[in-house]
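Open your viewer, switch to the cartoon view, and get ready to click along. We'll go stop by stop, picking something to select each time.

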Amino acid sequence: MSVSKVKKVNFFRGHPSNSLLGPSSHYVLKASENVLSPAHRPGDDDDEDRHPLTYGSDPGSLTVRKQIAKWTYPDLSADKEQIYADSINLTNGASFGAGGALLQCTSAHSGFTKQAFIVSPTYFLINSVFLDAGFADKFSPIEQRADGSIDLVALEKLLVHFDKEPEVSYEDAAKYIQDDSRPRRKLYKYVMYLVPTFSNPRGTVIPLSDRLKLLELARAHDMLLLCDDVYDWLYYKADSINDLPPRLVTLDRESTTDSSSYGNTISNCTFSKLVGPGLRVGWQETVSPRLAQQLCQGGAVRSGGTPAHLNTMLVGSLLSLGYMESILKDLRSVFGDRSKHMRQDFEKYLPQGTQIEGGEGGYFFWVTLPEEYNGRAIAEQCLKKNVVLAEAHNFQVAHGPTPRVPINDNSFRICFAYHTVEESQQGIQVWGEVCEENKNK
């Protein structure tokens, strides 16, 4: 059956629909009552926890950090719980976490941090975060392939190249960022941004061998790996994330010989993908407390305390009451079902030879039409029929001193988190019909 036009289907949206926030709302309400109903809470007068409506401590509630550590590592021993909690900094989401990490760990304006490497194709809004941190002419894209692997050869060549450039001393860089009220910072000469697991936009997973090589390069060249680990808990082929490669921060910790090391990784996480983006709660995990403590020493944080104190305590309540697992179970079921049906619809309606990547976790598929089609023209015609496709050119790394990684104009990022199975099917059917109309053009 032909579908000439449908109610608007927007595959560019990269978040869940409001209908999926209902169960979270129910649990957040219960968590709110648990946090705010008591006239006095055990941690109200503890400087590391504090009353939920006052200024929080710089790294955030210790109780919440312990709950996140225990939730992340269920087998965490009691003697390590404090160390892991002190290696966590609470944030108001992954986007602000990334911006804060760049401000606290890099110095692009002074030239001390020489270059930012960004996996390509990339999350399209991360470009602005790096621009704000002074990396306007310091971008280098690093290709990620269909199997999730990274072009490590190109990365190493660029690192060697930039190593030959003149160094800026820490003392000169400190003029821009250091004051007497805060300890000397660890600044990195390079930073690399990546979404290692179920990447945005490609939906792929960086294999373990590449993760280990990335760590090796990071240590050899003083590079910070800023990892948006935001989709790791959304895996639809199994109930346990243990089937996935370990996060880079875990590999970094397990292989370091210095327990007080700053490390070379920040695991930048968020509850936005799990509970709801409006909650604005995230966390950063580092190898040891040393880097986590630095991350919470930004001027704005020291002025106002942890940026989402009340909301982090609501998340702590969700964890302690066991509601987080219920929320995750529901999301995995819905997203897994949507992903499965979307893949079937791709195979049913799109041209033979279409390549499909991703879909096993996170939010996205990366779909590439056969080369004989004109992706740009097809996207324009789909838009006239109320179907919005996210074209590949949107996910390029901002232009810097090195050439962009070529991106196929026939590729599209398709989100399965927003629309129902029925809505997505209608949109894909329209897409397929437009492809058929353009088959011989």
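In what order do the strands of the open sheet of seven strands stand? Select them and read across: β2-β8-β7-β6-β5-β3-β4, with mixed pairing. β2 (88–91) and β4 (139–143) are the edge strands, each with a single partner strand, so one side of each has no neighbour in the sheet. From one strand to the next, the twist averages 20 degrees.

A few ground rules before you click on. This is a predicted model, where local features need pLDDT of at least 70 and side-chain atom pairs count only at pLDDT 80 or more, while totals for chains, interfaces and linings use all residues. Residues are numbered from 1 along each chain as its sequence is written, and side-chain values use heavy atoms, with hydrogens and water left out. Helices (H or I, at least four residues) and strands (E, at least two) are DSSP runs, numbered from the N terminus. Two strands pair if DSSP finds at least two bridges between them.

Stop 1: Select β2 together with β8 (residues 282–285): they pair in the antiparallel sense over four bridges. Click Ile-88, and you'll find its bridge partner, Glu-285, in β8.

**Stop 2**

**Stop 3: two helix pairs.** At what angle do α2 (residues 62–72) and α3 (residues 78–86) pack? About 110 degrees, with their axes 8 Å apart. They are therefore roughly perpendicular to each other (angles under 35 degrees count as roughly parallel, over 145 as roughly antiparallel, 65 to 115 as roughly perpendicular and the rest as oblique). Residues making the contact (heavy atoms within 4.5 Å) include Leu-62 and Ala-69 of α2 and Tyr-84 of α3.

Now select α6 (residues 152–163) and α8 (residues 208–221), whose axes come within 11 Å and cross at roughly 0 degrees. That makes α6 roughly parallel to α8. Among the residues that meet here are Leu-155 and Leu-159 in α6 and Leu-214 and Leu-217 in α8.

Stop 4: Zoom in on the loop between β5 and α8, where you'll find Pro-201. The peptide bond from Asn-200 to Pro-201 is cis, with omega near 25 degrees. Phe-198 sits in the loop between β5 and α8 too, and has a positive phi of about 55 degrees although it is not a glycine. Is Phe-198 buried or exposed? At 2% relative accessibility, Phe-198 counts as buried (under 20% relative accessible area, with exposed over 50% and partly exposed in between, using a 1.4 Å probe and protein chains only).

Then go to Pro-121, in the loop between β3 (115–120) and α5 (126–132). A cis peptide bond joins Ser-120 and Pro-121, with omega about 0 degrees.

**Stop 5: the other sheet.** Select the open sheet of four strands, ordered β9-β10-β13-β12 with antiparallel pairing. Its edges are β9 (355–358) and β12 (390–391). Helix α13 (residues 323–349) packs on this sheet, touching β9, β10 and β13 (411–415).

**Last stop: zoom out.** Altogether, the chain has 15 helices and 13 strands.

Conventions. Axes fitted to C-alpha atoms, helices over the stretch in contact; angles between N-to-C directions.
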